[in-house]
Amino acid sequence: TEHMGQQMETMASAWLMMELTNSPYYLGLLTFCRIAPLFFIALLGGVVADRFDRRKILLGSFWGGAIVSTVLLVLARTGLIAPWHLLVAAALTAGLIGMNHPARDAIIPNLTPKHEWMNAIALDTISVRTASIFSALLAGSCISLFGTTPLFGARTIGVLLAAFWLIRANVPATPGRARQHGAWQNLGSGFKYVLANGLMISLIAVFALREFQSEMSSVFLPFFADKILHAGANGFGYLNMAQGIGGMAGLFGLATLGNFKYKGKLIVFSGVLAGLLLIAFSLSKVLILSIALLILATSFSTIFENV
């Protein structure tokens with residue numbers, strides 16, 4: 001529910017920004033506000049997740065997300081919402097995600113036996129991808145019928161439901177090993193390890209570039225749907241749904257390959273092909289063709305990220 005609400009709010013923010021400004025520049029700025037804080041705060045989030053109660057961290061991020069979404073809902077209902085509100089909300093949401101995801105990833109081993117960790121991670125990933133498919137369809141239809149305003153309330157509901165289930169979960173206490181040293185010492189040790197490991201630096205750089213490319217291509221989907229493909233809000237929903245389907249297809253494709261050889265070649269091949277497919281998508285003026293190209297591009301991008 002949390003991911004569905006977040007996806008719907010993200011789509012609503014992008015569509016509303018296009019309506020308010022009619023400017024690709026502001027859509028790009030919205031993406032910057034959504035990404036930049038995440039990279040910096042996620043570093044702090046990892047340290048915090050190792051030192052404090054992970055359930056409380058998650059609940060705090062849930063309540064913060066609910067407040068941000070409710071404020072946007074009130075501003076949209078009253079007609080007072082402005083582009084800068086969306087930019088600030090995107091930055092605050094990125095900060096909350098930067099605290100949420102490290103705690104969320106770290107809490108999985110506390111909730112499942114060691115031999116079930118990979119299954120739990122796979123199930124979590126599949127649930128996120130599935131939520132993105134259904135939320136994209138719902139958001140596109142809702143924007144077409146009722147506008148963007150109701151979608152801001154959807155995230156608040158999703159966050160509250162997620163908080164309810166988390167409160168009921170039996171979460172063991174956070175291990176105290178990390179508290180044997182200072183927070184800055186832990187963070188410094190992490191930096192030293194990364195800087196001393198060329199492969200780790202390369203992986204982080206590739207992930208950062210891929211995340212930036214993914215967000216930048218997604219944020220301009222309102223313009224593609226409305227101005228180029230002339231498919232309106234429903235088309236916007238279909239394009240976002242295509243990304244979810246492509247992600248699922250990529251994950252299932254990797255699962256069928258198992259522990260195979262030539263992983264390096266597959267990384268290069270899938271990365272290059274994903275880029276070429278995105279270029280083809282940018283040139284398409286037919287909705288069905290654009291959906292197919294986006295499914296393929298996202299599928300190979302998912303393979304590139306997860307090999």
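Burial first: I call a residue buried under 20% relative accessible area, exposed over 50%, and partly exposed in between (1.4 Å probe, protein chains only). By that cut-off, 44% of the 307 residues in the chain are buried.

Ground rules. This is a predicted model, where local features need pLDDT of at least 70 and side-chain atom pairs count only at pLDDT 80 or more, while totals for chains, interfaces and linings use all residues. Residues are numbered from 1 along each chain as its sequence is written, and side-chain values use heavy atoms, with hydrogens and water left out.

Entry: fold. I took helices (H or I, at least four residues) and strands (E, at least two) as DSSP runs, numbered from the N terminus. The chain has 12 helices and zero strands. For contacts I used heavy atoms within 4.5 Å. Of the contacts between residues at least 6 apart in sequence, 83% join residues at least 24 apart.

Entry: surface. With Shrake-Rupley and a 1.4 Å probe (for residues, only the protein chains shown count as cover), I get about 16,000 Å² of accessible surface for the chain, 71% of it from carbon and sulfur atoms.

Entry: cores. A nonpolar core here is a set of buried Ala, Val, Leu, Ile, Met, Phe, Trp, Tyr and Cys residues joined through side-chain atoms within 4.5 Å. The largest holds 51 residues, and Leu 30, Leu 86, Phe 236 and Leu 239 have the most contacts inside it. Helix 1 (residues 2–21) gives the most to this core, eight residues. I also found a second, separate core of 12 residues, with Val 48, Ala 49, Ile 57 and Ala 162 among them.

I then listed what Leu 86 touches, skipping neighbours within four places in sequence: Ser 13, Leu 16, Met 17, Leu 20, Leu 30, Leu 72, Ile 81 and Phe 152.

Entry: Ser 135. Is Ser 135 buried or exposed? It's buried, at a relative accessible area of 0%. Ser 135 sits in helix 5 (residues 117–146). Not counting residues up to four places away in sequence, Ser 135 touches Met 4, Gln 7, Met 8 and Met 11. A polar atom of the Ser 135 side chain lies 3.2 Å from the backbone oxygen of Ser 132.

Entry: cysteines. How many disulfides does the whole structure have? I searched for pairs of cysteine sulfur atoms within 2.5 Å and got zero. Cys 33 counts as buried at 15% relative accessibility, and Cys 142 counts as buried at 15%.

Note on methods. Polar contact = N/O pair within 3.5 Å; in protein donor to acceptor, adjacent residues only side chain to side chain.
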